[in-house]
Amino acid sequence: MKIKFKNGKIRVMQVSDPQDLQFVRPTMIRMLNKAYDTLNPDLIVLTGDNILGNHLCDARIGSRLVIKDKEGEAKAMEIAIDKLVAPIEERKIPFAMIYGNHDDMNRLTKDEQADMYRKYSTCLGLDDETSPDVATYNLPIYSEDGEKIKFNIWMMDSAWKDKELDKCFSLVKPEAIEWYKKKSAELKENNGGEVVPSLMFQHIPLIETFELTEECSADTKGAIKAPDGKYIKLKDTCKGVMGEYICAVDEKTGQFEAMKECGDIKAVVFGHDHCNCFEGVVDGINFIQTACASFRCYGKRYRGVRIFDIDENGNYETKFYTYKDLMGKGILNELTFIWDADGFLKQKIALIAGGVGGLGAIIAGIVNLLK
């Protein structure tokens, strides 16, 4: 399936960290369905933590293990993936995916997971045999006549678990960086010596993201406490919100240097940090952080999706759409958000207490009437 520009434009939607189970939170699905239907993306990219892979064996309530074997875990994974992907498939929207740190925390291999995504007719990628990782690949975007590659999307795997060592890693492997450099050179050669403008998506932010921050005092607006006890904030040149300390890859492996050397990357786009939603520039490359879509995991008000409107000359515009942007600001939508989203325990208790108190008042009124 070729992805093509239409009238010189294409719209890409990023959904990051939906991070849910087979018992999916319905409010997230309603939000995503509304996004698909109102924002009309031509392509959807799922940028990791697509499922909460390390809790697939848990009971519906609590963390008691109720699934004991790989077969049961695989079935739970299939259901969790289907809850996320079936609405995309029903709308016939092409989609691509990469893994996050939570996807790989289970008995199944990434290749086995990839087979579950490949079952959907609109799934793209996961097919480059020259790549060192199943979820490291590129998606060319063609001119409307399908003859020429006008833009490119890189999907880079940045997280995995070594199941033998029982250890999680977060970085883009050196082999993947070499693959990217070679593939970028091929695209350039086939494009008459001109680089093909590209977006690069990966789950975990690069260490260079910290160059968008600066040290500040604890009482500075937007200050975030660092592990060393100091405080940092986004530089004034950035746009958006940093709601938590940046959780970057484990180490530098030459990726940013390769991006500058190749000269094709318009922006590198991350997920992983649920409460961070910002944009900034590092050495001429745009860094874009997208907040989570998940309602099951931690997060703040910035739960939603990001849109990239790309034109054939290689330029793009981006905007993050929150739950309120998509669903509206009515009281019912607000109550639904609070009830379904993790991180709002106090508000939920208040709602329950208010409901009980209201019910008590109604019962007392009825008793008085009967008297």
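Which helices each supply at least two residues of the nonpolar patch? They are α7 (331–340) and α8 (345–370). Helices here are DSSP runs of H or I with at least four residues, strands are runs of E with at least two, and both are numbered from the N terminus. The model is predicted, so local features need pLDDT of at least 70 and side-chain atom pairs count only at pLDDT 80 or more, while totals for chains, interfaces and linings use all residues. Residues are numbered from 1 along each chain as its sequence is written, and side-chain values use heavy atoms, with hydrogens and water left out.

The patch covers about 610 Å² and is made by Ile331, Leu332, Leu335, Trp339, Leu351 and Ile352. Patch members have over 30% relative accessible area and no salt bridge; nonpolar side chains (Val, Leu, Ile, Met, Phe, Trp, Tyr) are joined within 5 Å, and like charges within 9 Å. A salt bridge would be a side-chain nitrogen of Lys or Arg within 4 Å of a carboxyl oxygen of Asp or Glu. Areas come from the Shrake-Rupley method with a 1.4 Å probe, and for residues only the protein chains shown count as cover. Helix α7 gives the largest share, four residues. Ile331 lies in α7 and is exposed at 62% relative accessibility. Exposed means over 50% relative accessible area, buried under 20%, and partly exposed in between (1.4 Å probe, protein chains only).

Most residues other than glycine have a negative phi. Asp166, however, has a positive phi of about 55°; this residue sits in the loop between β7 (159–162) and β8 (167–170) and is exposed at 54%. Asp283 has a positive phi of about 50°, lies between β15 (276–282) and β16 (285–289), and is exposed at 53%.

An open sheet of three strands runs in the order β10-β12-β11, with antiparallel pairing. β10 (213–216) and β11 (224–225) stand at the edges with a single partner strand each, so one side of each has no neighbour in the sheet. Strands count as paired if DSSP finds at least two bridges between them. β11 and β12 (231–234) pair over two bridges, and Lys225 stands opposite Tyr231 in β12.

Finally, the cysteines. A disulfide is a pair of cysteine sulfur atoms within 2.5 Å, and the count is zero. The sulfur of Cys247 is 11 Å from the closest cysteine sulfur, in Cys168, too far for a bond. Cys297 is in no disulfide either, as the nearest cysteine sulfur, in Cys292, is 7.7 Å away. Cys247 is partly exposed at 39%, whereas Cys297 is buried at 9%.
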